[in-house]
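Please describe the architecture and the nonpolar core of the chain shown below, with the cut-offs behind each term.

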Amino acid sequence: MVKKASTSAPSQRMLRVGERVRHEIAALLARNEIIDPLLETVTVTVPEVRMTPDLKLANVYVMPLGGENAEDVVSALNAHAKFIRGRITPALDLKYAPQFRFFVDKTFDEYGRIDAILRSERVQRDLASDDDGED
């Protein structure tokens, strides 16, 4: 019997459903359907949605524009998760309605850190010495 690796990549179905959920949540947020004072004053982006293999749980990564009050926005979205689930589920056409869990998207911070490393003097010096050696 062959065991499947537990760290396998997401299936095409998981990716497709995750992208569909991402679009539906982004559209819901753009229409300002959620009645919450914090969510009405901020623009929220949804960069990624990761689905579990059984498609019953969606981890939704969000970031408010400018990155301010990110934790408060996530708390507000988690408080309204049942409402969001009820509004989005009919458009998904799935057997089971996925539950939504909202998280702050940390990839923007990671991109900034990598960019700072690439612009550092040590890396620039190494790149300059590689260019001189190729001639």
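## Basis of the model

This is a predicted model, in which local features need pLDDT of at least 70 and side-chain atom pairs count only at pLDDT 80 or more, while totals for chains, interfaces and linings use all residues. Residues are numbered from 1 along each chain as its sequence is written, and side-chain values use heavy atoms, with hydrogens and water left out.

## Overall fold

The chain has six helices and three strands, taken as DSSP runs numbered from the N terminus (helices H or I, at least four residues; strands E, at least two). From the N terminus on, their order is α-α-β-β-α-α-β-α-α. The radius of gyration, 20 Å, is well over the 14 Å that the globule rule gives for 135 residues, so the chain is more spread out than a compact globule; this radius is taken over C-alpha atoms, and the rule is 2.2 Å times the number of residues to the power 0.38.

## Nonpolar core

The largest nonpolar core has 29 residues, and Phe 100 and Val 60 are among those with the most contacts inside it. Such a core is a set of buried Ala, Val, Leu, Ile, Met, Phe, Trp, Tyr and Cys residues joined through side-chain atoms within 4.5 Å, where buried means under 20% relative accessible area (1.4 Å probe, protein chains only). Helix 1 gives the most to this core, with six residues.

## Helix 3

In helix 3, Ala 70, Val 73, Val 74, Ala 76 and Leu 77 are buried. They lie on the same side of helix 3 because they cover an arc of only 160° around the axis, judged by the directions from the helix axis to the C-beta atoms.

Technical notes: Buried means under 20% relative accessible area, exposed over 50%, partly exposed in between (1.4 Å probe, protein chains only).
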